[in-house]
Amino acid sequence: MASTLKISSIGSDETLDQSRLAPILEEQPTRVSVDEEAFGAPVETISPLGYHVDWISVIFLNVSRIIGVGVFVTPATILRGVGSVGISMIYWVIGFLFSAASLCVYLEYLCYYPQRSGGIVTYLEKAFPRPRLMAPFLYACLFCTLSTSSAACIVFAEYVLLALQYEITKWNVRGVALGLSTAMTMICILSTKWSLHFSNAIGMVKVLALVLIAITGLIVLCGGVPHVPNPGANFSQPFLGTSNNINGLVSALLKIRFSYVGWESVFSMVNEVKDPIPTLKKFAPLSLGVVFVLYMLVNIAYFATVPLEKIKSSNEMIANLFFETIFPSSPNSTNVALTVLQFLVALSSLGSVIAATISASRIIRESGRQGLLPYPQIWASTKPFNTPLAAYLLRWSVTSVLIVIPPPGDAFNFIVDLQYYPESIYAFLLVIGLFLVRRRRAAVGAPSVPFRAWTFVAVFALVVNLVIMIIPWVPPEGGIYAGDVSFFYATYCIAGLGVIALSCVIYYFWYVHFPRRGGYRIRQITEKLSDGAQTSKIVKVPVEALEEWDSAHVDDVEHLVGNEEGMRDRM
């Protein structure tokens with residue numbers, strides 16, 4: 001009777017007949033060591049989620065995610081920080097260049113792994129194969145527990161209530177915010193196709209609204225609005241009043257960076273694009289370019305219409321000042337333009353919520369497929385609606401908790417800010433990982449790919465992300481207690497590092513301590529589900545059987561260096 005090798009996995013025991021190992025070992029004599037990259041999620045050659053992401057969705061998923069409330073608020077904040085119109089406009093260009101450099105990094109990763117969705121969690125897995133699964137594990141701990149749409153949902157609720165002239169109370173806001181989160185989640189669960197159509201439609205409305213604001217600004221500049229005096233006055237001396245306050249300049253740089261967040265959304269859905277490399281090469285940069293042009297034109301419209309000192313001294317949204325100047329109302333009448341603006345802000349928040357929900361579900365699903373979440377079959381499954389149901393429910397649950405539990409003010413702002421600092425660290429590591437992937441490819445003589453970021457662009461992205469990691473530690477102008485919370489301004493940075501440290505501790509016990517104590521090592525096997533989805537499954541291999549197991553499960557060298565762009569049959 002042939003001896004058997006017993007493999008323990010979560011929730012089941014599997015037995016591997018050792019007599020089956022010999023022919024496998026003969027066929028796979030010397031390939032890449034399993035110590036390098038026999039880990040991570042398997043490639044789904046045919047996407048079980050379908051191919052609903054066309055070029056229109058590539059553009060408007062990103063556009064809808066990027067253009068949120070910031071375009072109606074941030075220009076005034078930037079102006080107050082830098083002091084002059086000229087520097088403010090330059091900052092918007094700098095923000096675009098920051099994002100464009102990072103986009104190039106993502107495009108190069110895409111060319112290496114064109115059949116893997118998940119974006120950053122996948123690219124971290126590939127860039128840092130050792131310690132095994134550590135990089136994606138740390139990111140998954142952060143993303144699955146702290147990445148939510150709670151802030152955008154609350155902004156939507158507040159502006160809808162304002163527009164409808166309902167009383168704004170804590171529970172009114174929470175109720176509307178929770179209703180929005182639930183409705184958007186249900187749409188996404190029921191149909192990927194129609195959720196993308198909905199996101200695209202909102203993105204188009206956002207673009208149209210900003211185009212109308214831009215056109216109105218150009219009309220003002222040309223003197224077409226008689227009640228706006230001196231429309232070009234703010235541009236006559238564009239650098240007058242430029243601040244030399246390092247705090248304001250640095251803070252404005254960080255806000256500019258956040259104004260472009262969302263350009264990476266479509267990279268979480270790469271395997272749902274029929275021809276991902278040519279499609280994203282063309283339309284992902286186009287989406288960022290469209291946003292940049294709109295941002296510049298809208299800023300010109302604001303500065304052409306609203307006096308500079310009024311922008312600096314007012315606590316109102318700059319978009320509100322713009323609408324009030326263009327469409328003044330009598331003291332006893334309702335300002336229709338203001339109501340329209342409030343609905344527009346709410347709509348922008350809604351678009352960000354659905355785009356972020358779609359994108360985040362794929363990152364969570366990929367984390368499950370990597371074996372980083374318990375019961376990976378549940379996360380990988382696309383039943384019953386051909387959508388990642390479990391991922392959507394987790395996202396909705398975390399968002400709902402953060403909408404309902406934290407009190408408004410310091411606690412809520414702190415929790416919302418908490419994810420941002422670790423995110424900047426992982427973005428920095430991702431660029432370092434790109435150079436590591438390049439080195440491994442060069443070592444095995446891997447073929448060239450359709451897109452490779454210029455080295456100076458990758459270095460620029462690396463420097464930018466390093467700066468973004470440093471900026472939050474610069475004290476605000478009013479001192480260490482003058483941040484957006486009443487306590488120490490950098491508490492969220494310290495807590496963010498604590499989240500990473502805690503994740504490292506959890507990883508150590510899961511992957512190192514318990515296996516040593518138990519006399520086993522963690523490995524992964526691929527499991528194919530009835531709906532066509534594939535997932536990695538964590539198994540516990542006894543130490544005495546480890547050599548046979550590793551020899552029998554050596555990954556192809558192409559898996560290590562990222563050459564997964566073979567021919568696919570498309571649905």
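This is a predicted model: local features need pLDDT of at least 70, side-chain atom pairs count only at pLDDT 80 or more; totals for chains, interfaces and linings use all residues.
## Basis of the model

Helices (H or I, at least four residues) and strands (E, at least two) are DSSP runs, numbered from the N terminus.

Residues are numbered from 1 along each chain as its sequence is written, and side-chain values use heavy atoms, with hydrogens and water left out.

## Overall make-up

The chain has 24 helices and four strands. Of its 571 residues, 55% count as buried. Buried means under 20% relative accessible area, exposed means over 50%, and partly exposed is in between (1.4 Å probe, protein chains only).

The accessible surface of the chain is about 23800 Å². Carbon and sulfur atoms account for 65% of that surface. These areas come from the Shrake-Rupley method with a 1.4 Å probe; for residues, only the protein chains shown count as cover. A contact means heavy atoms within 4.5 Å. Among contacts between residues at least 6 apart in sequence, 79% join residues at least 24 apart.

## A nonpolar patch

Leu502, Val505, Ile506, Tyr508, Phe509 and Phe514 make a nonpolar surface patch of about 550 Å². Patches are made of residues with over 30% relative accessible area and no salt bridge; like charges are joined within 9 Å, and nonpolar side chains (Val, Leu, Ile, Met, Phe, Trp, Tyr) within 5 Å. Phe514 counts as partly exposed because its relative accessibility is 45%.

A salt bridge is a side-chain nitrogen of Lys or Arg within 4 Å of a carboxyl oxygen of Asp or Glu. By this rule there are nine. A network of salt bridges links Glu44, Arg116, Glu125, Lys126, Arg365, Glu366 and Arg369.

Which residue forms a salt bridge with Arg116? The partner is Glu125, with the closest N and O atoms 2.9 Å apart. Arg116 is buried, at 0% relative accessibility. Glu125 is buried too, at 4%. Glu125 also meets Lys126 in a salt bridge (3.5 Å, N to O). Lys126 is likewise buried.

Arg369 and Glu366 form another salt bridge, and here the closest N and O atoms are 2.8 Å apart. Both residues lie in helix α16 (residues 336-369). They are three residues apart, about one turn of the helix. Arg369 and Glu366 are buried.

## A buried asparagine

Asn299 sits in helix α13 (residues 276-305). Is Asn299 buried or exposed? Asn299 is buried, because its relative accessible area is 1%. Its side chain makes a polar contact with the side chain of Trp92, at 3.2 Å. A polar contact is a pair of N or O atoms within 3.5 Å; within protein, one must be able to donate a hydrogen and the other to accept it, and residues adjacent in sequence count only if both atoms are side-chain atoms. Leaving aside residues up to four places away in sequence, Asn299 touches Pro75, Met89 and Trp92.

Strand β3 (residues 520-528) pairs with β4 in the antiparallel sense, over nine bridges. Two strands pair if DSSP finds at least two bridges between them. Arg523 has Val539 of β4 as its bridge partner.

The two strands form a hairpin with five residues between them. Gly532 in the turn has a positive phi of about 95 degrees. Strand β4 (residues 534-542) is mostly covered, with eight of its nine residues buried.

## Backbone exceptions

Most residues other than glycine have a negative phi, and most peptide bonds are trans. Several sites in this chain depart from that pattern.

A cis peptide bond joins Arg130 and Pro131, with omega about -5 degrees. Pro131 is in the loop between α6 (120-127) and α7 (134-146). The bond from Lys383 to Pro384 is cis as well, with omega near 0 degrees. Pro384 lies in the loop between α17 (376-380) and α18 (389-404).

Gln165 has a positive phi, near 60 degrees. It lies in the loop between α8 (150-163) and α9 (170-190). Gln165 counts as exposed, at 62% relative accessibility. Asn230 has a positive phi near 50 degrees. Its place is in the loop between α10 (192-221) and α11 (233-236). Asn230 is exposed, with a relative accessible area of 62%.
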